[in-house]
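Work through the two exercises below with the model open. Try each task before reading its solution.

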Amino acid sequence: MKKTVLSIIFSVFLFAGNMFVPQNSYFVNTKAAQKFYQLKSVELETQALINLTKKMLSNKKFRRLSYAKEIGKTRVNTSTLLSALLNFLQGQKAYSNTEFENNSKEAGILKLIEDVENDTLINLPQKAKDDILSSIQTSSFFVLANKTEKLLKNVNQDNIDDIIKNYVSLFNQYVNDLKQINSPLIQDFNPQIQNKLLKDYRIEAKGSIIRTFGVFKKYLNMNEKIYKE
């Protein structure tokens, strides 16, 4: 099996530093490639989580089975967590009667990541970008996401544990990948950032994006333990 472009990039990184190195007949800047990989990974993972979360919430059988499993055992049931998380990922519905109203269709974490990417100068050949995108789309994250989606189509008492376990695993990896994005909008929090998140992305955060995702992560992991009992 051929190595992915990313593994090749990292293998030459120790020798090349920030120099351009020839690889597969085109030149690759290793730092630019790593930055592109990180941003695109989080962008595509965000979209995948949005799609999977929507399908879980629209699956009445999943919601019924998970509620029955969790009733009286969780502080916040999984469906409630997923609803709040979905709003955070794709942006709350447009606010009304405030100076921060944003009626655009694109918002949330997905739009924020796209804007960070568009504002980041990444000098890479298109062939390198295509190879990195292919590597991301065939990574373990998307293999697990597709597997979970298939399980959801035939959700039952025997596989709901795996669905929850897989989703939490995906979310944990997503948060870890998001931490690698060096942007004040994600890592920091102050009144100026708070207003920008609300105005431009319809994200109502009471702490940094990373800290808020940490809260989701905490409760999702707590709920997962119930399915292991």
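Helices here are DSSP runs of H or I with at least four residues, numbered from the N terminus. The model is predicted.

**Exercise 1. Place V116 in the fold.**
Which helix holds V116? Is V116 buried or exposed? Which residues does V116 contact beyond its sequence neighbours?

*Solution.* 
1. Find the helix. V116 sits in helix α5, residues 108–118.
2. Check accessibility. The relative accessible area of V116 is 13%. Buried means under 20%, so V116 is buried.
3. List the contacts. Set aside neighbours within four places in sequence; V116 then touches L39, I181 and S183.
4. Take one distance. V116 and I186 are 70 residues apart along the chain, and their C-alpha atoms are separated by 9.8 Å.

**Exercise 2. Classify the ring pairs of F213.**
How are the rings of F171 and F213 arranged, and how are those of F213 and F216?

*Solution.* 
1. Start with the total. The structure has seven aromatic pairs.
2. Take F171 and F213. Their centres are 5.8 Å apart, with 55° between the planes. Planes under 30 degrees apart count as stacked and over 60 as edge-to-face. This pair is tilted.
3. Locate both rings. F171 belongs to helix α8 (residues 160–178) and F213 to helix α11 (residues 209–228), 42 residues apart.
4. Check burial. F171 is buried at 0% relative accessibility. F213 is also buried, at 0%.
5. Take F213 and F216. This pair is tilted as well: 6.4 Å centre to centre, 50° between the planes. The two are three residues apart in helix α11, so about one helical turn separates them.
6. F88, F171, Y174, F213 and F216 form one aromatic cluster.

Key: Residues numbered from 1 in each chain as written. Predicted model: local features only at pLDDT ≥ 70, side-chain atom pairs only at ≥ 80, totals over all residues. Heavy atoms only, no water. Buried < 20%, exposed > 50% of the residue type's maximum accessible area, 1.4 Å probe, protein only. Contact = heavy atoms within 4.5 Å. Phe/Tyr/Trp six-rings, centres within 6.5 Å; stacked < 30°, edge-to-face > 60°.
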